[in-house]
Amino acid sequence: MKNFLIYIPLLAIISSCSSNKNNNTSSFESTDEAVIVEVSIDSLTGSIEKIDRSNEDWKLRLTELEYQVLREAGTERAFTGELWDNKRKGTYTCAGCDLPLFDSETKFRSGTGWPSFWEPANSLCVAEEVDNAYGWNRVEVLCARCDGHLGHVFEDGPEPTGLRYCINSVSLNFVEN
Ligand code: FE
């Protein structure tokens, strides 16, 4: 079980609240203010409160390429991102809002030139939508908190899931363990 320091004004953690109250290890009761708490990302349950920012606000926060990919569903050129060949151990977070998205334990070598994972760190953190752009019937992958475009998921990945989350490197930050 991996613990991760997360900035939580925006996370609604439901079942983990009650268990932590019971064993008194940590408190999630102050959800009205920004607090940093240690949570186990792979045991999150409940729902994630959205971040809603204007396009002007995102432009101030993101680089031009980050904005094109995260906010306009662009795609970086293969083999150009910083993380497609990253082999270090750690957590991949959203470049828009820092939500933990993927763990290095599920990263695999796909040969595509984009970071590829067979499973999200927690399914709550990654949203999926059907994408019919360009006439392709693909499944888009988005950050569940800021709705940032991450990439697509395909059904040609390795075991144990058989899925390939093909993610733009620029949509991710990496936090080494
Ligand atoms: Fe995000």
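Visitor: What is the relative accessible area of Leu163?
Guide: This is a predicted model, in which local features need pLDDT of at least 70 and side-chain atom pairs count only at pLDDT 80 or more, while totals for chains, interfaces and linings use all residues. Residues are numbered from 1 along each chain as its sequence is written, and side-chain values use heavy atoms, with hydrogens and water left out. A residue is buried under 20% relative accessible area, exposed over 50% and partly exposed in between (1.4 Å probe, protein chains only). Leu163 is partly exposed, and its relative accessible area is 25%.

Visitor: Between which two strands does the loop with Leu163 lie?
Guide: Strands are DSSP runs of E with at least two residues, and helices are runs of H or I with at least four; both are numbered from the N terminus. The chain has three helices and 12 strands. The loop that holds Leu163 lies between E10 and E11.

Visitor: How far is Leu163 from Phe117 in space, C-alpha to C-alpha?
Guide: Leu163 and Phe117 are 46 residues apart in sequence, yet their C-alpha distance is 7.8 Å.

Visitor: Which residue in E11 is the bridge partner of Val153?
Guide: Two strands pair if DSSP finds at least two bridges between them. Strand E10 (residues 149-154) and strand E11 (residues 164-167) have four bridges and pair in the antiparallel sense. Phe154 has Arg164 in E11 as its bridge partner, and Val153 has Tyr165.

Visitor: How many of the six residues of E10 are buried?
Guide: Across the 177 residues of the chain, 45% count as buried. E10 is mostly covered, and the number of its six residues that are buried is five.

Visitor: Which strands stand at the edges of the five-stranded sheet?
Guide: The sheet is open and antiparallel, with its strands in the order E7-E11-E10-E9-E8. A strand at the edge has a single partner strand, so one side of it is left without a neighbour in the sheet. The edge strands are E7 (116-117) and E8 (126-131).

Visitor: Which residues lie closest to the centre of the largest pocket?
Guide: On a 1 Å grid over the protein atoms alone, a pocket is an open set of points where a 1.4 Å probe fits, with protein on both sides within 12 Å along at least five of seven lines; lining residues have an atom within 4 Å of a point. A volume is the space filled by probe spheres set on the points, which are joined across faces, edges and corners, and the largest pocket has about 260 Å³. Of its 16 lining residues, the closest to the centre are Trp84, Asp85, Lys107, Phe108 and Arg109.

Visitor: Which strand gives the most to the lining of the second largest pocket?
Guide: This pocket has a volume of about 190 Å³. Its lining includes Thr63, Arg88, Leu172 and Phe174. With three residues, the strand that gives the most is E12 (residues 172-176).
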